[in-house]
Amino acid sequence: MAVTEASLIEAGIAAGLVDPETLPTLRLQARRERIRLLEAVTRAGRFPEAALYQALARQRGMIFLLPKDLVAVPELLEKLPDNVLQRRPMLPVRRDGELLLALGDPDDRLSPEIAERATGERLRPALAAPEALRAALRRQRGGGPLLATPEASGQDATGLLDTLMKDAYLRRATDLHFEPEQYAVRVRERVDGHLLEYPRPLTLQEGEAVVTRIKVLANLDIGEQRLPQDGSMSYRLSQWDTPPMDVRVATAPTRWGERVTMRLLGAGTTGLNLERLGMPPPILGPFREAINRPYGIILVTGPTGSGKSTTLYAALRELDADDLNILTVEDPIEQVVAGISQVQVSTKVDFALALRSFLRHDPDVILVGEVRDLETAETAMKAAMTGHLVLATLHTNDAVGAVTRLADIGVPYYLIGATLIGVMAQRLVRRLCQQCREPYTPDADERRRLGGTLPEELTLYRPVGCPACLGTGFAGRVGLYEALWVDRPLGELIATGAREDLIRQTATDRYYTLWQDGCSKVLEGAVTLAEVERLVPPDAR
């Protein structure tokens, strides 16, 4: 017997996931769109059904098992017949030394009795999301009849892709990976910077069909499977009244088949302003002053996926597009900003060509999606020298490293020193779930690692896990920022080709580091010290 829709929604209300006042409206929407009420509820709250099962476990006082916890005790699982598991999915697991029986229904009283008779062990019932439970059974029993799931039955490639895209939307994933293996296609989603495995891998036939469907939508050559391809598409979730998603698609041949990575552009970042990005006051104020300068170049650096484009879009929204002529060249255009002319890089139009063209269009502000080569860098720098404000991204590890990177590309040091207003480096770190974070008093080792002058009574926070954060203890991400602001003496020093360590020593109060910002956010209770240490190497602290 499956858990009823009403039980899950009631548990969601108790956990604060569902607003009871919105239920009448959601019922009307579900009937109008011909979808389940549960689907309308999860879409409105933007969380997967697994969150409601975790809320139900909390309501019933049961242990909830995440997908990573669903690792069977092999000798006990072997004693459970396949025909029983097909009718009644259950999985004996061991957690913290205790034997548990993962179930998909908290009211199932018969399955624990069957398991106890078959294994000779007393197993404490625990709850798991049914889809994750079936997927764990399939992995650990080698497939067979357990491959079949209600979610996948009767779905073609179009339906399967839509199911995966809906799950990615609900989890606020930024990337979707299809990774072929010898006997199946593994699906993973990047959520808050970490890769999470989708509960149900695709069979090889399903994977091939879904990959072909993606290539058709992205205007890629479906007959070419031996060369990498890149494309893009706009994807609308079927039967859901949500905005279309802009998706960048990349394929690559692997040993077991064609791999596909989908970047879901602008996922959850559209409309963000500088305050909501989490910029600290020592950086926010100078950055606002910098983007209102009449000329010069501002660089935003960091690895792929660190939020550079989001920061630049937030900066553009701060500017008055009615009073300024703002032009951008991007690859690809990730967000559409009203009142701004945005150019997409193509085989015929590259960054350098677009930049040269921009100079004939009377620009006030120019945004360059990425400085990749000398021609683009020199054109951007010369535009900054001739009365234009240029915003651009660059791939470096820290703010000071941008000077060396530009010089490596071939830009003369005198040009860098004369045009550079400032460099901002950034990373994205997981934010503690504000609903379940737990206060604690740090030990001497943590105080030493934080450094600086700390109060005697210091409270930090650590992750716990609740339905709102899907048991991870983290919800969303916040930026860590580093900034180097170039004044006249520092610009003259850069023009001489000074080393990075000398630039850091000279900058002093005009240089704010990632470690400083990270420690500040740890003390505020926004992030954990371990998360900051994971992103900031020891030599940068």
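## Surroundings of V390

Beyond its neighbours within four places in sequence, V390 is in contact (heavy atoms within 4.5 Å) with G296, I297, I298, I366, V368, A380, A383 and A384. One of these, A380, stands 10 residues from V390 in sequence, and the two C-alpha atoms are 6.8 Å apart in space. V390 belongs to strand β16, residues 389-394, where helices (H or I, at least four residues) and strands (E, at least two) are DSSP runs numbered from the N terminus. With a relative accessible area of 0%, V390 is buried, a term that means under 20% relative accessible area, against over 50% for exposed and partly exposed in between, with a 1.4 Å probe and protein chains only.

This is a predicted model, in which local features need pLDDT of at least 70 and side-chain atom pairs count only at pLDDT 80 or more, while totals for chains, interfaces and linings use all residues. Residues are numbered from 1 along each chain as its sequence is written, and side-chain values use heavy atoms, with hydrogens and water left out.

## Strand β20 and its partners

Of the 12 residues of strand β20 (residues 474-485), 9 are buried, so the strand is largely enclosed by the rest of the structure. Strand β17 (residues 420-432) runs antiparallel to β20 and is joined to it by 10 bridges, pairing being assigned if DSSP finds at least two bridges between two strands; within this pair, Q426 stands opposite Y481. Strand β21 (residues 511-512) is also antiparallel to β20, through 2 bridges, and here A483 of β20 faces Y512 of β21.

## Packing of α9 against α10

Helices α9 (residues 157-170) and α10 (residues 204-217) pack with their axes 9 Å apart and at an angle of about 80°, which makes α9 roughly perpendicular to α10. Axes are lines fitted to C-alpha atoms, for helices over the stretch in contact, with angles from 0 to 180 degrees between N-to-C directions; under 35 degrees counts as roughly parallel, over 145 as roughly antiparallel, 65 to 115 as roughly perpendicular and the rest as oblique.

On the α9 side, A157, T158, L160 and L161 meet E206, A209, V210, R213, I214 and L217 of α10.

## Cover over α3

Helix α3 (residues 37-45) has 7 of its 9 residues buried and is mostly covered; the buried ones are L37, L38, E39, A40, V41, T42 and R43. Their cover includes α1 (5-14), α2 (23-33), α4 (49-60) and α9. After α3 comes R46, with a positive phi near 55°.
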